[in-house]
Amino acid sequence: MTAAYPYPNSPQHIGHARTYTIADVNARYHRMKGYNTLFPMGFHYTGTPLFAMSKRLREGDPEIVETFTKIYGIPSATLEKLKDPKSMASYFREDIKRGMIEIGFSVDWRREFTTIDPLYNRYIEWHFHTLNQKGLITRGTHPVAWCPNDKSPVGVVDTMGDVEPDIGESYLVKFEKDGVFYPTSTLRPETVFGVTNLWVNPDARYVKANVDDEHWIVSGEAIEKLQHQNHKVAVEREVQASELLWKTVQNPVTGNEVPVFPGSFVEPDNGTGVVMSVPGHAPYDYQALTDLRQRYEGSAEAGQLLQATTPISIIRLEGFSELPAADLIQKFRIKDQKDRHLEHATEELYSKEFHDGIMKENTGSYSGMPVAKAREAIVEQLTREGKIETLLELRNAPVVCRCGTKCLVHILENQWFIDYGDPEWKKLAHKCLDQMVILPEELRAEFNYTLDWLRERACARTVGLGTKLPWDQNWTIEALSDSVVYMAYYILSKYFAKDWVVFKKFEKDTSRLPDTFFNFTLLGQGTVDVVAEQTGIPKRILSGIRSEFQYFYPVDMRHSARDLVSNHLSFYIFHHSSLFPEKQWPRGIVANGFVLMEGAKMSKSLENIIPLRQGIAKFGADPVRLGVMATAELGQDTDFSESLAVSIQERLSTLIGQARKLGTKKTVGKSKPSTLDRWMISRLSSAVQTATSALDRLRVREAINIILYQLDNDIAWYKRRLGPKKPKSDNRDRILRKALETRTRMMAPLAPHTAEEIWNRIGNKGFVVQTDWPEESESEKDPATERAETLVRQVLDDTSEILKATGITPKHIAYYTAADWKWQVYLKALKSAEEKRKQGDFIKDVMGDLQLRSLGKIAADYAAKAIRQANQMPDEMRQSRLRDGLTAEKTIFVDSVDFYQREFKCAVDVWQEGDMKISDPKGRARMSEPYRPAIYLE
Ligand SMILES: [Zn+2]
């Protein structure tokens, strides 16, 4: 199994620990279950983040300096060393590795490598050669997110805050005046029929430009975008907004003249900075028009023009008035154009009209068409007439490159792409996914969506560390493309280090290591003789690598964070499905949520970041491990806090204390196990069973809960029931030791250091990590005893409640269990309810019994009550009570008399209703029912 190799451009904090701790728990758990589990680790140097971080340090960026010195406690003198990207990487690599050792990750460090090691570069060259031979690398012209400063494509790892750039298309509908075009950007070109005016920002800078031999008026910001999207652009002159305002332009579809109004909400870097206004169907436009009218009330010319501008209704929408935009404004009680609810109103209306809207009579040949269809048709018409263009935008703008520059969409020509759109490849990837275990399972839908949705993806950059594209040395393979098959490299890296004498010559000149080496060791192609001959590598080493690869591959479980589902983890599936034969495809993925700090996202500004190594020093390794896992299951975010870590620390200390008390002397219980012993063993066996099934699905929180906490309740109850008396014959110590031993073995994957400590203190030889995971045993399970014990406990609780409520200090307590005839009726009622028989039949059946009939009204009343209870009972409870049948309640309580007397410090008697010599001064016995003995106190 593998976990995502870390990126060493800063030290790790508590939040980083979650993925690796869950991975380590998984590794340790499986080792105890008898698997030879390999958990290796490497370091990812590829790409821009290291460059950007060291550059910010060189420039003395105060935020970085402060983060490194104040939060992470890096000495100022060391900062100098970090100004070079590679020294920064090796410094943090060392720091991260130390942290991983301190927290106890069971990593095979012999296989450690970095992605700038020459032999790794050679491996990635082989990877890309192979993809290229399969036709999966394409060269072409595609839009990419782009940093104009670095002149390089950007992906999620290249942006500030790790934002995945989201490219979307909008339309530019070209309004016209005197041969000059006003391209308005819109997502809804079909609403051009309802345009009443255009908006421009009165404070923005506009230009007149020659775009593809046309004259265009657009914002200054739009010019750069157009240039990056292959338009021929030459700026002719600046244009003041005032030159545009209050003039009219012509609607390209209706031919109507519409005025240009000032709209300060128009963002000049969104689209072209010129927007068409459709107040009938766009809440923003409706509100802006309303606001503008108010502002120009009384002004002669502008006021008149505004009064004459009225919303036009062009889409019919069931359940709405002529002007749905006005309805939404009312519904969301919007006050002005700065109201943040406008966005919700807009979203709601756009989606409703798109799905259910019908074009009205005033839309000419589109009349009667559904909106979705009309949109396609009008785009087609306007394209034919040259009145519409498309503009690609970053939908989640602003996306900022790590160099600090705002990114935009660039049409990249003759660039190298990995073709995730290839239909055959998609089929393979889906086949691979379908056979995989995905934890949590609900992420599968997101994987399916991503596999379908992925298209060509730029795979190289002009900046950053990494492997050069083998056939085009100007480009470096980017970070999300050189990190998808490195799991196989862990097999190679061990031999590269171990047999360094053999491999060092290749490090000096990697071209001497041919693709046939990788083809043989990883794909089983060619023969050992030929490869040995070609490379001079001894046959035994080549065969050794090949057989170790076949032994460990595929990766059974890959651990990562859930935000990598839509990129890295999906690429991982794609590449493996193409490169390797099916039997070496990945078997499973675990993707976990984030770690919050006291309920908040960790951020430098909130100063709530705890560096991992400081956390380990402060709380101890095991409290940190448990702390990042204890509050949520995989898919959710967990919440770490100092108080949580401290309470876990105390919990672990208590367990160590228990071990000390128990001591190293092994006691051999001689006597036959009592009912209570059997109960404790049964509870222990159930705990093993639940913890095992929890860890099988990596429900780590549940496992922690059972092993560290719930078992304690049972052990405490066992001790309380036994009482302080310690006859020589009792099995107490033997049972408690068994419980602690079992528990310690279950703790070993979760809190390995504490587990070893306890293991040693109770006198065991060797390491707990080398023992087996405990097995549940069916023969130790005793459900009837467990249910009897539940009854004892419930009666204890009920009695305490009564004492508390009445304030009585009891001198005597009597418990009355139900008469046998009540049990008969009760079980009949359960059976009748189970079989869903008619109530009347049940009563008839009961009264048909001579003995019951002789009891008269008492039996009839109880039968009515019993059937009511039986019908209302949860199915599971009813079935288990039916299975148990008649329970010897009196015996259970008689056996517990000592216990009750000790608890309540008074005499306790137990009777069954109907006993010959029953003492029942207040006539309580008749109130008893099965599972509900009557209680009498005095
Ligand atoms: Zn940049």
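What is the geometry of the zinc ion site, with its four donor atoms? It is tetrahedral, with angles of 98 to 118° among those atoms; four donors count as tetrahedral if all angles lie between 85 and 135 degrees.

Before starting, note that this is a predicted model, in which local features need pLDDT of at least 70, side-chain atom pairs count only at pLDDT 80 or more, and totals for chains, interfaces and linings use all residues. Residues are numbered from 1 along each chain as its sequence is written, and side-chain values use heavy atoms, leaving out hydrogens and water.

Select the zinc ion. Cys 147 (SG), Asp 150 (OD), Cys 401 (SG) and Cys 403 (SG) coordinate the ion at 2.1 to 2.2 Å. Donors here are N, O and S atoms within 2.8 Å of the metal (3.2 Å for Na, K and Ca). Along the sequence, the donor residues follow the spacing C-x2-D-x250-C-x1-C.

Next, select Asp 150 and Cys 401, which are 251 residues apart and link distant parts of the chain. Asp 150 sits in the loop between β2 (137-147) and β3 (152-153), and Cys 401 in the loop between β15 (388-394) and β16 (408-419). Strands are DSSP runs (E, at least two residues), and helices are runs of H or I of at least four. Asp 150 is partly exposed at 23% relative accessible area, while Cys 401 is buried at 4%. Buried means under 20%, exposed over 50%, and partly exposed in between (1.4 Å probe, protein chains only).

Now move to helix α18 (residues 515-523). Eight of its nine residues are buried, so the helix is largely enclosed by the rest of the structure. Among the buried residues are Phe 517, Phe 518 and Phe 520. Finally, select Gly 524, which follows α18 and has a positive phi, near 70°.

Definitions and conventions. Four donors count as tetrahedral if all angles lie between 85 and 135 degrees; four count as square planar and six as octahedral if opposite donors are over 155 degrees apart and all others between 65 and 115; anything else is irregular.
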